[in-house]
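Grab the viewer and work through these exercises with me. Try each task yourself before reading the solution.

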Amino acid sequence: MKKHLLFLGAPGAGKGTQADLLCQTNSYLHLSTGELLRKEIEMNTTLGREVKDIINRGELVSDELVLKIVKQNLNKDNKGWILDGYPRNLSQANSLHNVLNEINQPLEVVFYLDIPEEVLIERLLLRGRKDDTEETIRTRVNIFKKTTEPLIQYYEDLSLLEYIDADRDLKTISSDIKQKMA
Ligand code: ADP
């Protein structure tokens, strides 16, 4: 069973939901950079205050900052992990590659959760998180297309990519992922 996983997909594709489901059954660590950043904002830490406006505009936080957060959390002992929301651009992908080499836990599979744009916009508007306004959604989807989407080819070239149709019900997607993890 694969235990070092990455979930790639547009905002609203369901990465967090699927990662949560898997981590419940497998006791893997769910490492969501978005979640970790939101926690910092909630706790009103120095870091949280630094990133709050950026996140509420739907823009990306600096590569250095997210790398620091990822490093801090990956160091913990764990049975396995699922990265969700990181990397989001090629520079982050290269940093991640180096970090994972250092700790001797290379990526085993990348699940690309694919979903039509109109479906994800609808989902995000329904979700109604603080950074889910129509304007920020547009910004985040555009950033995804421009800077994150190239990672699909990047991981395809490394023969790590598994394509998942994410426009289906939760359980169907989940069992599809589990099958491809075996
Ligand atoms: P979504 O996938 O729905 O956009 P996330 O919870 O993954 O939501 O991320 C929320 C916000 O946190 C992003 O819009 C961005 O501002 C910030 N963020 C999360 N991960 C990263 C990252 N790897 N690099 C830069 N910013 C990030």
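Helices (H or I, at least four residues) and strands (E, at least two) are DSSP runs, numbered from the N terminus. The model is a predicted one: local features need pLDDT of at least 70, side-chain atom pairs count only at pLDDT 80 or more, and totals for chains, interfaces and linings use all residues. Residue numbers start from 1 along each chain as its sequence is written, and side-chain values use heavy atoms, with hydrogens and water left out.

**Exercise 1.** Work out which helix gives the largest share of the shell around the ligand.

*Solution.* Start with the cut-off: a residue is near a molecule if one of its heavy atoms lies within 4 Å of it. There are 19 residues around the ligand, and Thr33, Arg38, Glu59, Gly85 and Gln92 come nearest. Next, sort by element: helix 2 (residues 33-42) supplies 4 residues, the largest share.

**Exercise 2.** Find side chains that have a polar atom close to a ligand oxygen, using the polar contact rule (a pair of N or O atoms within 3.5 Å).

*Solution.* Begin with Arg38, where a polar side-chain atom is 2.9 Å from a ligand oxygen. Move on to Arg129, whose side chain has an N or O atom 3.1 Å from an oxygen of the ligand. Lys15 does it too, at 3.4 Å.

**Exercise 3.** Describe the aromatic pair of Phe7 and Phe111.

*Solution.* First, the rule: rings of Phe, Tyr and Trp (its six-membered ring) pair if their centres lie within 6.5 Å, with planes under 30 degrees apart stacked, over 60 edge-to-face and the rest tilted. That gives 3 aromatic pairs. Phe7 and Phe111 sit 5.7 Å centre to centre with 80° between the planes, so they are edge-to-face. Finally, Phe7 is in strand 1 (residues 4-9) and Phe111 in strand 4 (residues 109-114), so the pair ties together parts 104 residues apart in sequence.

How values were computed
Polar contact = N/O pair within 3.5 Å; in protein donor to acceptor, adjacent residues only side chain to side chain.
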